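Subject: Structure handover

Hello,

Here is the structure you are taking over, with my notes below it. Please keep the sequence open beside them as you read.

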Amino acid sequence: MSDTSPYLVPPEDLGSLLPGEPSFRADQLRDWLYHSPVLTADEMTNLPSAVREAVGGDLWPFEVEVDQSADNGRTRKWLFRAPDGAAIEAVLMGYRKRTTICISSQVGCAMGCTFCATGQFGFDRHLEAGEIVAQVAYANAFLRRFPIPGSPDRVTNVVYMGMGEPLANYERVRESLRRLIDVSGMSARSITVSTVGVVPGIDRLADEPWPVYLAVSLHGADDVTRSRLVPLNDRYPLEAVIESAEAYFAAKGRRISIEWTLIKGVNDSDDQARKLAAIAGRLRAHVNVIALNPTPLSDDRPSGDDRIRGFVETLLANGANATLRETRGQEIDAACGQLRLRRATE
Ligand code: SAH
Ligand code: SF4
């Protein structure tokens, strides 16, 4: 029996797990893994039992340690545990026309954004391409058995907004995109890569063949405000990030989104809103405003409802496209590294 999850083997090399089997078996296995994932190898009905046993012992590269639901079952949060102890979290969200999974690209994050639970925790390791793709596959396998009523019963959208900075794990994230798009057949238009502003990574992504959406987490509309929240701003200042995003938009024709976490008294003034609107206008970007989810290691608090509304109104009045993002799964800490944080401090 193999002790390597088939998701950790490149999809083109699956035959290496099936010595002595004809090559079409590897193709069948690839179909199960990438086109119609199932929770257990027993369900791979067209494979002989010897093959199912060969891959079934460790079908997933992780165990499901926590499986929580919220928002009347429309939000599901998983904490996966890799054999080396690494915690990987993913959140599945059902909407009327979309089923979106938010996936992690690293265990922890080295970027140290002050308001982010993942950042406060530091960096453990990169995720392998297979560990990234398996989060999406697991969600599809889960949905096949437990669909979310009223939402598509397959993952329609993938956002790289879980733990980690995807563009600081470039090669593996690139390979995960290749597997999702070229092997699984997902549309690049259904995928969003979110970055805190790793300029060389944005530039490389612009050169890739896939027109994935790019989200840029700004949080500050001038260097002083931004550097207080995002240490990476000292290395890649605001103007460099904006120029790189502008070039991405020019190369791909995909509307950029700007992520903005509103923090009371820090980045929620009308002055910031006006400056942000100017940046959004320049990029023709859409601004997603989200209220801070408080984290235990920081005194930062979310802006009050009136200020949130005032901030968004100032954005709109200054010509920006902006929406206030609904926060999903708050009762299960479904925001950026928070489940992991809670378990580590319990
Ligand atoms: N590293 C990437 C992607 C993961 S973070 C990035 O920073 O873009 C995904 C999003 O969650 C980012 O926009 C980030 O700013 C936001 N976020 C992080 N911590 C948060 C918190 N405590 N409350 C609200 N949003 C948060
Ligand atoms: Fe890392 Fe993104 Fe959190 Fe910043 S916000 S620490 S880049 S995961």
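By class, five nonpolar residues, three polar ones and one charged one make up the shell around ligand 2. Here Ala, Val, Leu, Ile, Met, Phe, Trp, Tyr, Cys and Pro count as nonpolar, Asp, Glu, Lys and Arg as charged, and the others, Gly among them, as polar. The residues surrounding ligand 2 are C109, M111, G112, C113, C116, G119, G164, E165 and V196, where near means that a heavy atom of the residue lies within 4 Å of the molecule or strand.

Before the rest, some conventions. This is a predicted model, in which local features need pLDDT of at least 70, side-chain atom pairs count only at pLDDT 80 or more, and totals for chains, interfaces and linings use all residues. Residues are numbered from 1 along each chain as its sequence is written, chains are lettered from A and ligands numbered from 1 in the order in which they are written, and side-chain values use heavy atoms, with hydrogens and water left out.

Ligand 1

Ligand 1 is surrounded by 20 residues, of which G164, S194, S217, H219 and N293 are the closest. Sorted by class, this shell holds eight nonpolar, ten polar and two charged residues. Strands β8 (191–195) and β10 (257–262) each contribute at least two residues to the shell; helices (H or I, at least four residues) and strands (E, at least two) are DSSP runs, numbered from the N terminus.

Which backbone atoms lie 2.9 Å from a nitrogen atom of ligand 1? One is a backbone N or O atom of G164, and another is a backbone N or O atom of N293. A polar backbone atom of F115 is 3.0 Å from a nitrogen atom of ligand 1. On its own, ligand 1 exposes 530 Å², and the protein buries 93% of that (accessible areas come from the Shrake-Rupley method with a 1.4 Å probe; for residues, only the protein chains shown count as cover).

Two residues to look at

S194 is part of strand β8. S194 counts as buried because its relative accessibility is 9%; buried means under 20% relative accessible area, exposed over 50%, and partly exposed in between (1.4 Å probe, protein chains only). Beyond its neighbours within four places in sequence, S194 contacts Y160, M161, E165, P166, A215, S217 and E259, contact meaning heavy atoms within 4.5 Å.

D300 sits in the loop between β11 (286–291) and α10 (305–317). With a relative accessible area of 10%, D300 is buried too. The side chains of D300 and R228 are joined by a polar contact of 3.1 Å (a pair of N or O atoms within 3.5 Å; within protein, one must be able to donate a hydrogen and the other to accept it, and residues adjacent in sequence count only if both atoms are side-chain atoms). Not counting residues up to four places away in sequence, D300 touches T114, F115, R228, I263, V266, L292 and P294.

Strand β3 and its partners

In strand β3 (residues 87–94), eight of eight residues are buried. A87, E89, V91 and M93 cover one side, and I88, A90, L92 and G94 the other. Strand β2 (residues 75–81) runs antiparallel to β3, with seven bridges between them; two strands pair if DSSP finds at least two bridges between them. T75 has M93 in β3 as its bridge partner. β2 and β3 form a hairpin with five residues between them, and G85 in the turn has a positive phi of about 95°.

Strand β4 (residues 99–102) also pairs with β3 in the antiparallel sense, over four bridges. There the bridge partner of M93 is T100. Four residues link β3 to β4 in a hairpin.

Regards
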